[in-house]
Amino acid sequence: VEAQAGPALRGPAPRERAPSCVPEDEADAVVDAYLAFERAFDEAAGMNGAEEARPQSPALATAATRKQLRDARRAVRELKRKGRVLVGEADTHNPRAISMTAADTRAVVLDCVTVGASQVVDADTGDVIAEAPVGKRSLLGAELARETNGPWKVVAATDIKDGVRECKLPE
């Protein structure tokens, strides 16, 4: 019986782009898809002036799938249930696609996120419920997937290291 290896990563990476082994055109597409998810979440949560949170926003389903879509909708549904929305300045991102399977169906993005000046507010009164820790930095990891030649979508995202003083992506 011959052992079957899992999907191989592209590589080795050229030294000037180490450790990313993602072709530049694919890296751009993966990062664009990741950022589209971040924007879709902010909009669904009310960031762009919506009067209520929208857990069924079509933009969420366009940008995320599986666990990440469920998690995003659950978070936005909770805002809506409480009559709250997210307002203010969105977080800033510095994402980089760092790996991709040889079949070009899965990719990993690392992102240095800096929290923006956002607030959770009561949708009716505008009363501030919670303020974001402005300037706080975190290292976030996201896995994206796609069907053959389909669009990239975020499958899962998680904080790798929260509250870092200096957020550096691997060199």
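The protein chain has 3 helices and 7 strands. Keep in mind that this is a predicted model. Starting from the N terminus, the order of elements in the protein chain is α-α-α-β-β-β-β-β-β-β. The protein chain has 171 residues, and 37% of them count as buried. As for contacts between residues at least 6 apart in sequence, 63% link residues that are at least 24 apart.

**The helix pair**

Let's take the helices. Two packed helices are described by the angle between their axes and the distance between the axes. Here, helix H1 (residues 24-44) packs with helix H3 (residues 66-81) at an angle of about 25°, and their axes are 10 Å apart. That angle is under 35 degrees, so H1 counts as roughly parallel to H3. The crossing of H1 and H3 is right-handed. On the H1 side, Phe37, Phe41 and Ala44 make the contact, while H3 brings in Gln68, Ala72, Ala75 and Val76. Sorted by class, the contact of H1 with H3 comes to 6 nonpolar residues, 1 polar residue and no charged ones.

**The sheet**

Now for the strands. Strands of a sheet pair through backbone hydrogen bonds, either parallel or antiparallel. In this model, 3 strands make an open sheet, ordered E1-E4-E5, with antiparallel pairing. Strands E1 and E5 are at the edges with a single partner strand each, so one side of each has no neighbour in the sheet. From one strand to the next, the twist averages 30°. E1 and E4 run antiparallel and are joined by 5 bridges.

Here are the strands with their residue ranges:

| Strand | Residues |
|---|---|
| E1 | 84-88 |
| E4 | 118-122 |
| E5 | 128-131 |

**Zooming in on Arg84**

Where does Arg84 lie? Arg84 is part of strand E1, and Asp122 in E4 stands opposite Arg84. Is Arg84 buried or partly exposed? Its relative accessibility is 25%, so Arg84 counts as partly exposed; the cut-off for buried is under 20%.

Leaving out residues up to four places away in sequence, Arg84 touches Ala53, Leu79, Val120, Val121, Asp122, Ala123 and Ile129. Val128 is 44 residues away from Arg84 along the chain, yet the C-alpha atoms of Arg84 and Val128 are separated by 9.4 Å.

How values were computed
Residues are numbered from 1 along each chain as its sequence is written. This is a predicted model: local features need pLDDT of at least 70, side-chain atom pairs count only at pLDDT 80 or more; totals for chains, interfaces and linings use all residues. Side-chain values use heavy atoms; hydrogens and water are left out. Axes are lines fitted to C-alpha atoms, for helices over the stretch in contact, and angles run from 0 to 180 degrees between N-to-C directions. Helices (H or I, at least four residues) and strands (E, at least two) are DSSP runs, numbered from the N terminus. Angles under 35 degrees count as roughly parallel, over 145 as roughly antiparallel, 65 to 115 as roughly perpendicular and the rest as oblique. A crossing is left-handed if the near helix is turned anticlockwise from the far one by less than a right angle, and right-handed if clockwise. Contact means heavy atoms within 4.5 Å. Ala, Val, Leu, Ile, Met, Phe, Trp, Tyr, Cys and Pro count as nonpolar, Asp, Glu, Lys and Arg as charged, and the others, Gly among them, as polar. Two strands pair if DSSP finds at least two bridges between them. Buried means under 20% relative accessible area, exposed over 50%, partly exposed in between (1.4 Å probe, protein chains only).
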